[in-house]
Amino acid sequence: MPTQLIDMRTPVERAVLVGAPRGELEARLIDEHLAELARLTDTAGGEVVGKLTQRISKPNPRFYVGKGKADELKSLVIETEGNLVIFDEELSPAQGKNLEDLLDVRVMDRSELILDIFATRARSKEARMQVELAQLEYLLPRLRRMWSHLSRIRGGIGLRGPGETQLETDRRLIGKRIVDLKGKLRHVAEKRQMQRKSREGSFRAALVGYTNAGKSSLLCALSGADLFVEDKLFATLDSATRRVDLGGGHEALLTDTVGFIRKLPHHLVASFRSTLEEAREGDVLLHVIDASHAEWEEQRHVVNDVLADLDLIDSDKILVFNKVDRITHAEEEALRARIRALEPTPAVFVSAHDDATLVSLKETLVARIRARLQEVVVRVPVEDGQTLAAIYREAEVIERADEGTGVLLTVRIPAPLLGRLRRLEGVHVQPVAAS
Ligand SMILES: Nc1nc2c(ncn2[C@@H]2O[C@H](COP(=O)(O)OP(=O)(O)OP(=O)(O)O)[C@@H](O)[C@H]2O)c(=O)[nH]1
Ligand SMILES: [Mg+2]
């Protein structure tokens with residue numbers, strides 16, 4: 001009989017969180033930011049055992065926080081038996097190293113934590129390559145520090161996922177791998193581009209927004225698809241496109257995308273650029289906002305900043321305030337007034353958990369589709385079945401007249417299809433008035 005059971009569970013990391021905001025940040029937001037860091041830690045599988053904040057006017061080059069605060073942090077780590085310190089701010093490689101020498105536990109920053117979450121959650125081959133690329137680019141200037149981690153412990157937050165095996169290679173190999181990954185990702189991006197071309201003619205919308213706003217839930221509710229939804233951060237890393245029936249014979253292709261967060265590491269944004277291309281080439285962006293979140297305004301800002309980074313800020317947009325089932329009618333009214341004061345972008349108020357509320361969103365989309373349609377008369381040779389089929393599939397046929405060798409169709413037609421028809425031999429397009 002064994003007298004001792006071996007504990008096979010991976011040890012839970014006991015994390016002490018540190019926030020060191022610049023002087024002017026409101027106290028409310030300091031709390032919110034640390035709470036968000038705690039959620040990220042939880043998502044990564046760590047346990048928060050202590051928190052510390054210090055307002056600073058300028059980061060200390062040695063420890064980011066002041067020396068006194070760093071000593072206080074050391075006491076807190078010892079007292080709480082912490083084995084990991086996570087900073088909400090971006091640490092320079094030198095600051096990370098100095099802190100580790102002082103504290104004698106692993107130190108990571110927010111970027112590293114987010115990269116780790118992405119690494120453990122990436123499913124598709126493309127997402128895994130994107131995360132690995134971002135991890136390697138983050139790792140490169142910090143290689144020496146990472147080596148010392150590795151000798152201290154193996155595994156754990158920040159050392160898992162696609163980047164792990166690379167830690168044992170040297171800079172040159174990492175550099176080579178980066179080039180290799182970029183090439184492979186470019187290849188995937190080209191394939192995706194071709195796929196998009198085949199969807200030309202359909203009305204396309206992309207869901208973007210802060211992580212946990214309910215983008216995947218909305219796509220599920222609208223399309224009946226079964227996508228991964230979770231009350232954790234970064235549930236979705238792969239974009240998924242689904243067909244949505246909007247009623248009245250209209251439909252749209254709706255794409256779910258990776259969520260954004262405050263201080264999203266720029267390597268990640270760069271890596272996920274091609275996935276987000278889907279959003280660029282769509283007809284409209286649906287910016288999903290969690291209406292029940294106290295800090296929705298800040299989240300809206302963060303999303304706008306990332307959109308600006310991706311050159312998407314001037315895209316046609318609809319604001320979709322989601323989770324209205326969690327707020328009162330009065331709060332919803334206040335929200336409506338507030339957003340009207342902030343920007344002229346059309347806004348709808350929905351709940352992914354209540355189909356009846358989705359009608360307004362569908363109507364708004366149908367209005368966009370109709371506005372995009374042009375009414376023209378097209379003459380197609382009778383034998384050109386392919387073109388006729390495309391018109392019936394992608395346009396709204398109002399009237400049809402068969403005249404000998406040709407078919408005369410009065411149609412409401414989307415611009416891309418119209419462009420294609422104009423280039424076709426034997427097909428004639430004329431404005432409605434001339435018919
Ligand atoms: N009460 C309520 N909860 C919602 C609603 N929409 C989404 N949720 C919940 O919010 C959480 C996040 O939903 P997701 O759909 O995964 O959010 P997401 O925007 O796709 O998140 P990421 O993929 O992490 O960026 C889940 O627990 C959902 O059940 C809603 O309208 N009302
Ligand atoms: Mg999602």
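Reply: Let us begin with a definition: a residue is near a molecule if its C-beta atom, placed from the backbone, lies within 6 Å of it. Please keep in mind throughout that this is a predicted model.

Me: With that cut-off, how many residues surround ligand 1?
Reply: The residues closest to ligand 1 are Gly-214, Ser-217, Asp-231, Thr-236 and Gly-259. They belong to a shell that divides into six nonpolar, eleven polar and six charged residues. The number of residues that surround ligand 1 is 23.

Me: Which helix gives the most to the shell around ligand 1?
Reply: The contribution in question amounts to three residues of the shell. The helix that supplies them spans residues 215-223, and Ser-217 is listed with the residues closest to the ligand. The element asked for is helix H8.

Me: Which strands stand at the edges of the four-stranded sheet?
Reply: Four strands form this open sheet, in the order E2-E1-E3-E4 and with parallel pairing. Each strand at an edge has a single partner strand, so one side of it is left without a neighbour in the sheet. The twist from one strand to the next averages 25 degrees. The edge strands are E2 (47-53) and E4 (106-109).

Me: Within that sheet, which residue of E3 stands opposite Val-18?
Reply: Strand E1 (residues 14-19) and strand E3 (residues 84-87) run parallel and are joined by four bridges. The residue of E3 that stands opposite Val-18 is Phe-87.

Me: Which residues is Ile-114 in contact with, leaving aside its neighbours within four places in sequence?
Reply: With the sequence neighbours set aside, its contacts are Leu-40, Ile-261, Leu-264, Pro-265 and Leu-268.

Me: Is Asn-60 buried, partly exposed or exposed?
Reply: Asn-60 has its place in the loop between E2 and helix H2 (67-80), and beyond four places in sequence it touches Val-65 and Gly-66. A residue is buried with 20 or more other C-beta atoms within 10 Å and exposed with 12 or fewer. Because Asn-60 has 16 C-beta neighbours inside 10 Å, it counts as partly exposed.

Me: In the six-stranded sheet, which residue of E7 is the bridge partner of Ala-205?
Reply: This open sheet has the order E6-E7-E5-E8-E9-E10, with mixed pairing. Within it, strand E5 (residues 203-209) and strand E7 (residues 250-256) pair in the parallel sense over five bridges. The bridge partner of Ala-205 in E7 is Leu-254.

Key
Residues numbered from 1 in each chain as written. Chains lettered and ligands numbered in written order. Predicted model: local features only at pLDDT ≥ 70, side-chain atom pairs only at ≥ 80, totals over all residues. Helix = DSSP H or I, 4+ residues; strand = E, 2+ residues; numbered from the N terminus. Nonpolar A, V, L, I, M, F, W, Y, C, P; charged D, E, K, R; others polar. Pairing = 2+ DSSP bridges. Axes fitted to C-alpha atoms, helices over the stretch in contact; angles between N-to-C directions. Contact = placed C-beta atoms within 7 Å.
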